[in-house]
Amino acid sequence: MILDEQEQVLSYNGEVLIFQLSKTKHVEGAADKTMNLCVRRMAFNRDTKLFVQKSSGVFSMCASHLKVEIICCSCITDSRTGIVLPCILMKEKTRDNVVKYLLLLLHSSNQFEQSFHFTLDYELKEDIRLFTGPSVLWRHANKLFYVSSDTCTVLSAPVELSSVVWTGEIENEGTVVLGIRTACLSESEDEAEFSTSDRAIWGTEFFGYAIGAQKMLTGTCFMPHAYSRVVTSVCVCKNEILKKQLRISLVAITHKNQLIWFQDGLPKGVCELPYEKPCSVKTALTSSNDLLFIVSFASGNICVIQSRESLQVASKWQKVMSVLVDDFIGSGSEQLLLLFKDDSNTDVLSTFTITDLGEVNYTSGINCKPESPAAEGVQENGLLTVRALETRLQAGFTSVRELQQHLGLKKRVILASCRTLIDLVEERTHILPTAKEVKCKMEGLVSLWDDVENPPRSLNKETSLASKVPEHFVEKLWQRVVGDSLVVGVELSDSFYLSLSDVSLSLVMDRDFSLISPIIKCRNKIIKLNKAFSALSVSSCQIEPPPKKMKWDLHSKSDQKKEFPKRCSSVQLDGAKTVTAVTSLSPLLAFHHVCCIVLLHAKKKKRQNNSLQASKKVTVCCGKILLSLEDISNEKYSIKMLRDNNFCTGSVEDILAVLAVSVRFSFQIVSSDYTLASVNSWLRGEMECTPFKECHDNIFCHKAGNMYGTVFNWTLKNPFEGVLILFCRNLTVLFQCLHSLTRVLPPNCDVKLLRSGSKGVLTEQLALALEKEMLALRSSFFSKESQAENSLPWRNEPGKKISDAPVASLLDSKEGVQQLRKKLQSEREESVLSMNQTVNGALYQEIALKIAEAQLSSDMIVWRL
């Protein structure tokens, strides 16, 4: 039995498929002939560094008086299932020159499926391509033909072409053929346009033809027509639709031995090829995210081009039989499989190289860069690795255990401090633990105080300071529930808070908690409200400006994030009436019944002899509030905003509670052509707002939905300009209000967010702050000048006084010149000493503190301005 063999190789899902066609000839005189198409699935074994056979399959044909060949093979998408399958195109030629073509699909079970067949009176030789369907496309007599499994009929495209350079899928277009043809110039074009047209100059043009839609595509979106005479093959790297425009990225090889990269129809890079007559180009994406271009040549040579900063040849090989691209080693990225010609061995996988031009490099079963230790040292190295990992794991467990103990200790210290604070505020005697108790409970901590019965002097001083605070300073303590927030307010008396700054409230749960902290997290606001209720504003605590070296981001939302700062600083209380604290209600309701102590924290400033102010911290108990789930269900503390004769009747506490949970936004509205009368109509009509009975300038929104409870203040400076102030619960409500407002504003109306008040007011404040800073500098230095001069050692010493005689008389004699010289030397020494004056540390600290306070105030206003 004599075998005639023909082989084709194909990569599929990391495997190498070897198709082998064998024709069996029986004894002479026999009429039957059997053709077998065999397939072997070969997978790379990383241990043996060889390709091993996983499975095989056979497709048998009865081919009497036929000559059978494998034309080509490729991986295509089956349109019935959408699965990519290997596809083989077979040719059967009879004696009467009738050629039959058969298309086969190979499934995962190694079963061959005959998709369709067709017959021609000529042989396929030029630009044969397989694509989705499966379908077959070819060029014959400068015409384009194709046949698919859906029709099984040979169709002709209405185009004439000289070559097909690429066939593939384009987004929104389906299967597209990119080719070159003779330029088709329209008769309507002027002769002047012919002289400047690439098509007229070169006589050829690129074109794209969508097979499914049967329409032509503009060739200039791929590359200029001037390249149509030199390009031999193309590989489209990326295609997408952006803003209804087709964006194409491709590489092309030319018979000028060049590889050119095109982006959206324009050349972006070029690389000279090392060999002549390039045939085809394909791409590979490696593990290092490098895009490689593999160029094959007619001589059997291969070169790889990298596309990092520029196109350059990375590697090249000679006498290559075939090159495949796939993930052969299972690393998740693509590698190149180079199959070399070996006349001494009939196996196509006898001599090969797998590489990605990086870490992966296998050659003929030998790993050039071993990925694992030598076989004799694997066991020993593995044992050492396991021991090292066990040691690291044990150290990690020890660190976690120590961290848990440290966190538990911190928690117990905080709880003990909270109990001490509660006893101090409620004027109960707190018994301090002894050193032994501390050592027992706190795992070795040493007490910070001596074991004596009397409390320390510092505690006595703090208690005496709290007792000096006036008894009747709290006018009223109230609480309200607004949504999921609890608002606690303290109304202060005039005689108490005018001399205070940095005022804040704290809520402490009045019960013994062993697992949670009794301190309730809350945020503070100060409501500025005069007695006549004619003006209303909300002041939240300012935060420090960003560092001066940082760029200001005018489009950031940092200004909207500072309404709830963690700490208050430098809050002016002139005219302040109420301090509020807002906290989340849901965690408190988990305890069903809660009693909270309300603490007031402030700094009381006292003027000393040197005109500086010394601050002393004051903590005062304002009372207790009771909260239960039953009271919340009965809406005992809910706000009640009702309408009565076109007015909103709500208590002052209800209004302050709404303002406390809201965020303040100011907008300047300017209209150049029309008056702003529509804003009032919008507030009273669409927003269903009614003014407060005590304050007509501020109005309350009764509109159902998210915008209910929003407070507006509309001030009209003139018919064309006004300021709208909104108190909203969140940014969503703000956007809804602005969206509704923009629909009623006049056209060409300018709405501007006022971030930190009006520019005029801030300018006046800045002028006053700079004046105070200048006065502070002058008073700090000049008021202490005499004190510094008196402390200098060279002042008022005996023997230093020299008679103030005329200079002319001193120059008449030698003794006079000597006296003048001594005087000049003395004045020089005094001048040097005056430039190195020193003051004591307390005086310098006093001066620096005063200057820093003045500069901080002006810097804050500059930042806001």
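Which residue of β45 stands opposite Val 711? Read on to the second view for the partner. This is a predicted model, where local features need pLDDT of at least 70, side-chain atom pairs count only at pLDDT 80 or more, and totals for chains, interfaces and linings use all residues. Residues are numbered from 1 along each chain as its sequence is written, and side-chain values use heavy atoms, with hydrogens and water left out.

**View 1. An open sheet of six strands.** Here the order is β42-β43-β44-β45-β41-β46, with antiparallel pairing (strands are DSSP runs of E, at least two residues, and helices are runs of H or I, at least four, numbered from the N terminus; two strands pair if DSSP finds at least two bridges between them). β42 (689-691) and β46 (749-754) sit at the edges, each pairing on one side only. On average, neighbouring strands are turned by 30° against each other, direction ignored (axes are lines fitted to C-alpha atoms, for helices over the stretch in contact, and angles run from 0 to 180 degrees between N-to-C directions).

**View 2. Strands β44 and β45.** β44 (residues 711-718) and β45 (residues 721-728) run antiparallel, joined by seven bridges. It's Phe 727 in β45 that stands opposite Val 711.

**View 3. Thr 286 in its loop.** Thr 286 belongs to the loop between β21 (278-285) and β22 (291-297). Thr 286 counts as buried because its relative accessibility is 5% (buried means under 20% relative accessible area, exposed over 50%, partly exposed in between, with a 1.4 Å probe and protein chains only).

**View 4. Helix α9.** Eight of the nine residues in α9 (residues 652-660) are buried, including Ile 655 and Leu 659.
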